[in-house]
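Work through these exercises with the structure in view. Try each task before you read its solution.

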Amino acid sequence: MLIFIVKRLLLTVLVLAGVCVITFALTHLVPGNPARLLAGQHATEAQVAALAAQYGLDKPLPTQFWIYMTGLIHGDLGMSLTYRRPVFDDLAQFLPASIELTLTAVLLTVFIGLPLGLFAGVNRGRPLDHVLRVLTVGGVSMPIFWLGIILQIVFYKHLQLLPIGGRLGITEIEPTQLTGFYVIDTWAEGDYQAFRSSLLHLVLPASTLAIGSIAVISRMMRASVIEVLDSDYIRTARAKGLTDGQILRRHVFRNAMVPTTTVLGLQIGALLAGNVLAEVVFSWPGIGLYAVNAIKNLDYPAIMGVTLVISIIYVVVNLVVDIAYVVLDPRISLDGRTAR
Amino acid sequence: MGLNAGDAGLGGKQDTREEVMSALNGIAAGMPGPSRRAFLAMAAGGLALPLTGGRVVAASADTLVVASGADAVTLDPGVSFDGQSPLLWRNVYEALIDYRDDTLEFVPQLAESFDVSDDKKTYTFKIRRNVKFTDGEILDAAAVKFNIERQTKVGQGIAFALAAIESIETPDDFTVVLRLGAPSDGFLSAFASLYTVKMISPKAIRDNEKDGDHAQAWLRDNMVGTGPYAMRSYKQSQQAVLERNPDYWRGWKDDHFDRVIVKYVHEASTERLLLEQGDVDVALFLPDDVVESLDGKPGIVVTDEPSFNVYYLCFNCKNGPTADPRVRRALAQAFNYDDYINNALRGKARQAHGPIPSGFVGHAKDTPAYSFNLEKAKQLLAEAGYPNGGFKLKYTYETGYFWKRPLGEFMQANMKELGVDVEIQELSPSAWAGLLSNPDTADHCFGLVWWPTLATPYDYMWSLFHTAAQGNAGYNWGYYSNPEVDRLLDEGAAEPDEARRLDLYAKAQMLIVEDSPALFIYEKNYRLPMSDKISGFVFNGMRTETLDFYSLRRA
């Protein structure tokens, strides 16, 4: 297992190097003029040139790439053109918010999506199953930005139950950064009002993000459960005289989880992508919002930084999924041989 | 901060639970409970209101909440030309002089008086005494000189306008004399406008200077000024919290705001809802259609003031059919100005007469404006060799500039009448700037809005129509070039006599309208939606998209 993880991590470095080359090439293919844009409407030619020099934009592309890569090895992600500070500082500010939001959405997906799927699979063909199927098709089909705005109108404007956006109320002071997760930081500070507030602020954006994933996961789970229920070993288990509860716990859930885990891993990627939309709609100050601004301004170092971070998360999630297979299904082993 | 969170928690917990229960009961019973805003603050903010002395800041009469639809870029007033950051600069930092209310007349601010010599080459500022920065430093002539020098060395922001300075003298502790090599029109306004030399504590700059950066890295996140408010906390893309500077030299009365929160909101529909629900008092940087939809909503007023923002539709004057001024004049008469202004803009604008806004210094009153005349347009186009149109124009605009797409579509419909096809293309702002600032790739029509940095017509005409402002140097991205216009502008900027100067500028305006390098479409009214409880807002076109928090009150 350890060798497998080390191998995968080495591969990761290669993957990230590839990501760097491709992102750099793609962003620089666009014939933009970030220095002109950055300098602003009234800037003079000398000011534009000075800015271009300050950010190294006046150098030939291979040189720029070389400077970026050598910086990267030293942990320097460059200076953001938009916000005029190190990209590393930007990411340190924006990333925790995204992870907090994504993790909440993942938790919602797991704790709502899986039981729903299991329930639907076991009760296949019954009216409740049909209702759930209709609902999940609806869930998959709703675009995030549309759903987000609808939830805002319902829960903020009409019901006046939930805040519309941001991580805390307008007049609340944010906690000192420990983990960057407001839910944890406010709790750690003993500021229970802010803790409550941060939880409430998570509800709408996390639900907006999670509804699609819940639908996908529960459909996947339902299909897997049905497949497992039809298999020979379940019939054998029943013949052995196991109760329904025992069968569900020991055989059905565990086996149905193998394909579902794959989809869950992919869904975490989808949630990260969905973050971009949800964060804009809910003014959630995460890397999605940061990425949108970066792309608008053709802020090369910021785009590279965001891409790198998302790639790293993707790779790590995939690794975790692969390890989860082994835990869930003893027939799978990581070194490529089939266990007996 | 500095308050212990735990203390606030225990004492407040029980009371607040009761508050919520009573609020809920009140609502359930249909009784007049706490205000909706209070209830919302409790439900969402975790019981903000009843707590005093806790970490939670109460949203109440003494706090102004401003929503901004776009992010500030930097807190350093010396390095940026973006439209959003000045809102913060204006309230923490001050300049030597200012504009009186909504006029272009200069009044003292940190300078208690100022004098300009007849040859317009010597500017003398008497600095106000007893003004202190929030770190306790005294504002004196040396501090002013230091700040002007920092601005020049940083080389960004307003630095270009300071290039004319030859020497800065401080004959005594509270007098600053600037000597110019040659007169420079608009020079005084470099010390008064939105982008200007703001006074920053010299000690803060010296203490935080790193590798000769003039404290740019530090000042990006920190502010030490003389202004009415001090920055308490700032988080990029999230919010800025400003609080009264207790030692402010103009003093405080009870009804000023104690605290101002600027909330950065990233989706127009969200920002609109916040204002409609009364959770924010002012909503900046909303798209035009959203602003118009807020007009007339209960509790909301939308300002309606003439501004100095002029909207142009520029042609490429170097390549293609629009290189011929006859074609441009024909197109100028095929655009239905009245229809656009009255319908698309709901009448909240006036047709522009030439490149300079009508309320601005140096606007030539008799500058003609083209009116919609399709027959004349067709005839002109035929004279230019295009009897039935038959050519194609490209119109390009950047994502996020809400007014540009409707303008392009309207033009497309109008030009069809002439047999001219218009193809519309949307680009990212950077790609758009890249395309047009490069003379080899720029062959597009495009919308452009201009507002002045300096109070001189030169600001508009040089940036948009001077030959030297092509490409990266300015915004002459239609690559218009008329040596006579260049000469009139250059002579005007260096002419100390006002009457003669304005005469030169007037001639330039006539020539530009005759050549029609652009359609001079409209001067827009400034439309800012805010709560009808807020009073004291004065709009000045030189300071668009900012507020003076000190002058605002809650009615």
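**Exercise 1. A parallel pair**

How many bridges join strand β15 of chain B to β16(B), and do the two strands run parallel or antiparallel?

*Solution.* One point first: this is a predicted model.
Step 1. Find β15(B) at residues 392–398.
Step 2. Count its bridges to β16(B): there are seven.
Step 3. Compare the directions. The two strands run parallel.
Step 4. Pick one pair to check. B:Leu393 stands opposite B:Val422 in β16(B).

**Exercise 2. The four-strand sheet**

Describe the open sheet of four strands in chain B, then its hairpin.

*Solution.* 
Step 1. The order is β4-β5-β7-β6 in chain B, and the pairing is antiparallel.
Step 2. At the edges stand β4 and β6 (165–172) of chain B. Each has a single partner strand, so one side of each lacks a neighbour in the sheet.
Step 3. Neighbouring strands here are turned by 15° against each other on average, direction ignored.
Step 4. Now zoom in on β4(B), residues 111–116, and β5(B), residues 122–127. Five bridges join this antiparallel pair.
Step 5. B:Ser113 stands opposite B:Lys126, and B:Phe114 has B:Phe125 as its bridge partner.
Step 6. β4(B) and β5(B) form a hairpin with five residues between them. In the turn, B:Lys120 has a positive phi of about 60°.
Step 7. Helix α4 (residues 141–154) of chain B lies across β5, β6 and β7 (175–180) of chain B. Its angle to β6(B) is about 165°.

**Exercise 3. An enclosed strand**

Why is strand β10 of chain B described as largely enclosed by the rest of the structure?

*Solution.* 
Step 1. Count buried residues in β10(B), residues 259–264. Six of the six are buried, so the strand is largely enclosed.
Step 2. Recall the rule. Side chains in a regular strand alternate between the two faces of the sheet.
Step 3. Apply it. B:Arg259, B:Ile261 and B:Lys263 point one way. B:Val260, B:Val262 and B:Tyr264 point the other way.
Step 4. Find the partners. Strand β1(B), residues 63–68, pairs with β10(B) in the parallel sense over six bridges. Strand β9(B), residues 239–244, pairs with β10(B) in the antiparallel sense over five bridges.

**Exercise 4. The nonpolar cores**

Which residues touch the most other members of the largest nonpolar core?

*Solution.* 
Step 1. This core has 228 residues. The answer is B:Val66, B:Tyr312 and B:Ile521.
Step 2. Ask which helix gives the most to this core. It is α9 (residues 192–229) of chain A, with 14 residues.
Step 3. List contacts of B:Ile521, leaving out residues up to four places away in sequence. Among them are B:Tyr311, B:Tyr337 and B:Ala352.
Step 4. Locate the second, separate core. This core of seven residues includes A:Phe181 and A:Phe195.

Note on methods. Residues numbered from 1 in each chain as written. Chains lettered and ligands numbered in written order. Predicted model: local features only at pLDDT ≥ 70, side-chain atom pairs only at ≥ 80, totals over all residues. Pairing = 2+ DSSP bridges. Buried ≥ 20, exposed ≤ 12 C-beta atoms within 10 Å, placed from the backbone. Core = buried A, V, L, I, M, F, W, Y, C linked by C-beta atoms within 7 Å. Contact = placed C-beta atoms within 7 Å. Axes fitted to C-alpha atoms, helices over the stretch in contact; angles between N-to-C directions.
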